[in-house]
Amino acid sequence: MKNISKALGILGMAAILFTACNQGNQTTSTSNDGSKGSTVDLSEVKIAYINTDSVINNYQFFKDKSEEISQKGKRYESELANRAKGFEQEVSSFQQTAQNMTPNQSRAKQEDLMKKEQNLMTYRNNLMQELSADETNLYNEVYDKIQEFMKGYAEENGLEMVLSYTRGGGVWYAHDAMDVTKDVTKGLNEAYKAGDTPTPAKADKDSTAAGE
């Protein structure tokens, strides 16, 4: 459940640096030419970041859906165990009665057992693939919900950019004042409780991000 992609953070930072360099070049060029241009003053850009792992793990929607997948996995595990037990009993029974069978009967039973074993393995693999797909779909849905929420949150709080912080990602350091993780988590949970309607709230005064 914790296999969160770090590529987003790395690509995000690459895009930020690329944009910043371009804007810096544009600003220099405009200054040299003495002409007016629509450039962004990076000193006034308001940036915040969220700890992605923390937001996801404390997002009630994620917790609820993860629990559903977990319970589904337990049901599948129990069902698979019952099938495996039945198969083992059938194998044991064959081993005890094989000496009373004709060669053709023994061969036919062995082929039948091999087919059942293969079917059991296929069934197990299908269950694992289904659970894996459920997990992947959940993360995709969670990312979509967070992204949708962040659009409104950024507009509400006058943020030009919100970074995704993950350990080993593209952001090595950020001031605590730029951390809006708690506000975003709170807003997401309130939206989920109210029916998943995005309702971004203004950041708390002590965690409002401001450009340096």
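The questions and answers below concern a predicted model of one protein.

Q: What share of the contacts in the protein with a separation of 6 or more comes from residues 24 or more positions apart?
A: Buried residues make up 26% of the 212 residues in the protein, and the protein exposes about 14,300 Å², of which carbon and sulfur atoms supply 51%. Among the contacts with a separation of 6 or more, the share that comes from residues 24 or more positions apart is 84%.

Q: What kind of aromatic pair do Y49 and Y165 form?
A: A search of the whole structure finds 6 aromatic pairs. In the pair of Y49 and Y165, the ring centres are 6.1 Å apart and the planes stand at 65°; since an angle over 60 degrees counts as edge-to-face, the pair is therefore edge-to-face.

Q: Which strands hold Y49 and Y165, and how many residues apart are they?
A: Y49 is buried, with a relative accessible area of 7%, whereas Y165 is partly exposed, with a relative accessible area of 26%. The pair links distant parts of the chain, with Y49 in strand β1 (residues 47-51) and Y165 in strand β2 (residues 161-165), and the separation is 116 residues.

Q: Which helices are tied together by the aromatic pair of F62 and Y139?
A: The rings of F62 and Y139 form a tilted pair, 5.4 Å centre to centre and with 55° between the planes. Both F62 and Y139 are buried. Because the two residues lie in separate elements, the pair ties together parts that are 77 residues apart in sequence, namely helix α3 (residues 60-97) and helix α4 (residues 103-156).

Q: Which residue lies over the face of F61?
A: F61 belongs to one aromatic cluster together with Y59 and Y192. Elsewhere, R83 lies over the face of Y123, at 3.9 Å from the ring centre. Over the face of F61, at 4.9 Å from the ring centre, lies K145.

Q: What span is expected for α4 at 1.5 Å a residue?
A: Helix α4 has 54 residues and is followed by G158, whose phi is positive, near 65°. From its first C-alpha to its last, α4 reaches 80 Å, which is close to the expected value of 80 Å.

Q: Which elements do the buried residues of α5 pack against?
A: Helix α5 has 13 residues and reaches 18 Å from its first C-alpha to its last, close to the 18 Å expected at 1.5 Å a residue. In α5, the buried residues are T181, D183, V184, T185, G187, L188 and A191. The elements against which the buried residues of α5 pack are β1, α2 (52-57) and α4.

Q: Is E190 buried, partly exposed or exposed?
A: E190 has its place in helix α5 (residues 181-193), and its C-alpha is 9.3 Å from that of Q60, although E190 and Q60 are 130 residues apart in sequence. Buried means under 20% relative accessible area and exposed means over 50%, so at 38% relative accessibility E190 counts as partly exposed.

Definitions and conventions
Residues are numbered from 1 along each chain as its sequence is written. This is a predicted model: local features need pLDDT of at least 70, side-chain atom pairs count only at pLDDT 80 or more; totals for chains, interfaces and linings use all residues. Side-chain values use heavy atoms; hydrogens and water are left out. Buried means under 20% relative accessible area, exposed over 50%, partly exposed in between (1.4 Å probe, protein chains only). Contact means heavy atoms within 4.5 Å. Accessible areas come from the Shrake-Rupley method with a 1.4 Å probe; for residues, only the protein chains shown count as cover. Helices (H or I, at least four residues) and strands (E, at least two) are DSSP runs, numbered from the N terminus. Rings of Phe, Tyr and Trp (its six-membered ring) pair if their centres lie within 6.5 Å; planes under 30 degrees apart count as stacked, over 60 as edge-to-face and the rest as tilted. A charge sits over a ring if NZ of Lys or CZ of Arg is within 6 Å of the ring centre and within 35 degrees of the ring normal. The expected span of a helix is 1.5 Å times one less than its number of residues.
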